[in-house]
Amino acid sequence: EVTNVFIYAEEADKIKRAVEEYGVPEDAVKKMMKDTDKARANYYAYHTGRKWGEHVNYHLAMDSGYLEIEDIVDIIIKYSDLKLDRLASFNW
């Protein structure tokens, strides 16, 4: 069973992470984010026929501005485990 996850953040949080963790020059961050988001949206729309980022397309969505990446991973694993347990309990 697939679990669709969308991870997002406020612009200020994305800029901070790009500069501090990924070493993107501060003057290039906004253009890079815009180009990357456009490419992601186009890719998603092409392959799914849906709009990237709309909550109805995901089982789980999280704002990474409030969480560390390791915490996000833990939440996704826990969610997936619970979902699989729930699916296993159904009598198909």
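Does Val73 count as buried, exposed or partly exposed, and at what relative accessibility? In this predicted model, Val73 has a relative accessibility of 40% and therefore counts as partly exposed, given that buried means under 20% and exposed over 50%.

Let me place this residue in its context. Val73 lies in helix 3, which spans residues 69-89. On the surface, Val73 belongs to a nonpolar patch that it forms with Tyr22, Ile69 and Ile77. Together, the four residues of this patch have about 380 Å² of accessible area.

I turn now to helix 3 as a whole. Helix 3 comprises 21 residues, and the distance from its first C-alpha to its last is 30 Å, close to the 30 Å expected at 1.5 Å a residue. Which residues of helix 3 are buried? They are Ile72, Ser80 and Lys83. These residues lie on the same side of helix 3, because they cover an arc of only 70° around the axis. Their packing partners are strand 1, residues 5-8, and strand 2, residues 60-63. On the face of helix 3 turned away from this buried side, one finds the exposed residues Glu70, Lys78, Asp85, Ala88 and Ser89.

My last point concerns a loop residue, Asn57. Asn57 is located in the loop between helix 2, residues 29-48, and strand 2. Its relative accessible area is 7%, so Asn57 is buried. Leaving aside residues up to four places away in sequence, Asn57 touches Asn4, Tyr44, Arg50 and Lys51.

Definitions and conventions:
Residues are numbered from 1 along each chain as its sequence is written. This is a predicted model: local features need pLDDT of at least 70, side-chain atom pairs count only at pLDDT 80 or more; totals for chains, interfaces and linings use all residues. Side-chain values use heavy atoms; hydrogens and water are left out. Patches are made of residues with over 30% relative accessible area and no salt bridge: like charges are joined within 9 Å, nonpolar side chains (Val, Leu, Ile, Met, Phe, Trp, Tyr) within 5 Å. Accessible areas come from the Shrake-Rupley method with a 1.4 Å probe; for residues, only the protein chains shown count as cover. A salt bridge is a side-chain nitrogen of Lys or Arg within 4 Å of a carboxyl oxygen of Asp or Glu. Helices (H or I, at least four residues) and strands (E, at least two) are DSSP runs, numbered from the N terminus. Buried means under 20% relative accessible area, exposed over 50%, partly exposed in between (1.4 Å probe, protein chains only). The expected span of a helix is 1.5 Å times one less than its number of residues. The arc is that of the directions from the helix axis to the C-beta atoms. Contact means heavy atoms within 4.5 Å.
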